[in-house]
Amino acid sequence: MDRRDFVRTVAAAGGTVAVAGLVAACTEEAWHGHAMTGPDLAPAGGGAVTRYPLRIPQPVDPGGLSLQAAPGTVGIIPGKSTPAWMYHGQFPAPTIVAQNGVRYTGVRFENSLAQESIIHWHGLLVESVNDGHPQQAVGPGSSYSYTLNVAQRATLNWYHPHPHMKTGEQVYRGLAGAFIVRDSVDTGFDGNPLGLPAGSYEIPLIIRDASFASRGNFQFSNKSSGFWGNTPLVNGTFAPYLGVNKGVYRFRMLNGCNARVLRLALNNGGAFALIGNDGGLLDQVRPVTEIIAAPGERFDILLDFSALNSGATVMLRDLDARWDILEFRGTGGASGTGSLPTPGGFLSTIVPLSAPVTTRRFTFDGMTRINGKVYDINAVEFTVPFEATERWTFVTNGNGPHPVHVHGAHFQVVSRTGGRGRLYDWERGWKDTVLVNDGESVDVLIRFTAHEGLYIMHCHQLAHEDAGMMANFEVVRMATEAET
Ligand SMILES: [Cu+2]
């Protein structure tokens with residue numbers, strides 16, 4: 001296949017084409033018993049929908065960065081003001097951009113909320129004391145200092161609160177931001193060997209849902225079944241559009257919803273050129289026409305708009321909620337930088353894990369327990385030998401979907417049985433969050449090679465996490481025979 005053909009189809013259909021066949025039967029009702037209510041952003045009676053320019057969060061360097069979490073107000077719904085909780089007074093928070101191999105000191109969290117909090121750097125492999133464990137939460141008026149020793153593959157991570165029982169509300173009210181790690185392969189210090197789109201052609205997309213009262217205030221409830229908003233936001237923007245030149249763009253997508261699983265697709269049936277996920281670049285580019293995105297998962301995609309004429313549009317949609325999420329609107333402007341890596345061609349080396357020495361089984365029970373236990377912030381449920389490869393099996397025991405997230409290491413997904421019964425292209429390579437639906441059993445291989453110490457695993461459906469679907473474990477260096 002020509003290197004450009006398969007993504008050029010993205011733009012080939014030109015204008016806004018409704019592809020009814022793409023809107024498959026909604027499974028959300030069956031999963032959650034929640035009605036798919038909410039504003040339908042599709043034009044009613046043929047009227048045009050007013051759309052607003054996509055916000056692009058400000059990029060910042062982590063060195064010496066002070067992130068104050070504080071209440072404030074933000075304009076989201078046109079003409080209204082929304083009280084929110086924000087880092088740095090921004091909604092969403094600034095995009096932190098770090099380089100692999102750099103030790104960032106003086107990173108500081110200041111808690112100006114009326115409740116305890118702590119920042120977790122989701123996807124960063126940092127020492128336990130810098131991971132934002134719930135035990136490290138600090139009260140109102142207090143602060144926490146981090147050293148972020150970045151030593152890992154380039155990828156899109158994100159940062160958000162992680163206090164016990166309060167994460168869901170704090171994330172929902174606005175405390176979340178993107179955290180990009182670069183390395184010598186991926187647009188880092190040493191250039192851009194893959195020729196990936198960069199600068200204004202590389203855009204983080206934090207996709208989340210929310211519900212608003214008539215005055216513009218967030219609506220929220222803490223019920224353990226989870227909170228589903230009725231309005232999609234991208235980078236905190238209501239009904240967004242992005243003007244795109246005739247070129248290739250790189251989108252770093254994150255499902256930042258508290259509970260909602262998204263089924264992302266383009267309205268013209270075009271393919272995303274998938275190049276990466278939670279753990280960075282895949283081994284090769286793969287075209288996918290649909291992405292099932294669970295809370296906490298990240299997706300690195302390229303889209304080629306070189307055939308999108310001025311005024312023509314392509315819509316990013318959620319097929320399950322039938323939402324128009326983000327409109328790409330052709331500017332007719334000149335082609336930008338960046339090109340598409342050859343499909344099937346080399347992106348990065350993924351060394352497969354193999355020969356697990358231990359198998360552990362974790363059942364995600366109801367909405368509150370792992371292996372029958374509600375989270376105990378002080379208990380260490382199991383210990384994991386440093387640098388040993390283990391097989392972890394995640395099994396649902398009702399009330400899925402459960403996006404399972406592990407701190408302290410990335411893993412490789414090796415099988416899914418029951419339920420969907422297959423793995424997807426975005427589950428290749430390295431992951432830190434994997435979706436387990438009801439009836440499914442998912443096997444991953446995991447090896448802790450970064451740090452010893454106390455870490456956690458939990459469900460990233462934030463209401464489940466807050467209700468206790470979380471477990472502490474400790475990574476320990478076993479004494480070898482020579483040492484004993
Ligand atoms: Cu869950």
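The model is predicted; local features need pLDDT of at least 70, side-chain atom pairs count only at pLDDT 80 or more, and totals for chains, interfaces and linings use all residues. Residues are numbered from 1 along each chain as its sequence is written, and side-chain values use heavy atoms, without hydrogens and water.

The protein chain holds 4 helices and 34 strands (DSSP runs; helices are H or I of at least four residues, strands E of at least two, numbered from the N terminus). Of its 484 residues, 59% are buried (under 20% relative accessible area, 1.4 Å probe, protein chains only).

His402 (ND1), Cys459 (SG) and His464 (ND1) are the protein donors of the copper ion, at 2.0 Å. Donors are N, O and S atoms within 2.8 Å of the metal (3.2 Å for Na, K and Ca); water is not among the atoms, so sites may look incomplete. The donor spacing in sequence is H-x56-C-x4-H. His402 in strand E29 and Cys459 in strand E33 are 57 residues apart and link distant parts of the chain.

Ser348 sits in the loop between strand E23 (323–330) and strand E24 (358–365). Its contacts, leaving aside neighbours within four places in sequence, are Arg153, Leu281, Leu282 and Asp283 (heavy atoms within 4.5 Å). The Ser348 side chain makes a polar contact with the side chain of Arg153 at 2.7 Å. A polar atom of that Ser348 side chain also lies 3.0 Å from the backbone oxygen of Leu282. A polar contact is a pair of N or O atoms within 3.5 Å; within protein, one must be able to donate a hydrogen and the other to accept it, and residues adjacent in sequence count only if both atoms are side-chain atoms.

| Residue | Relative accessibility |
|---|---|
| Ser348 | 9% |
| His402 | 0% |
| Cys459 | 0% |

Conventions. Buried means under 20% relative accessible area, exposed over 50%, partly exposed in between (1.4 Å probe, protein chains only).
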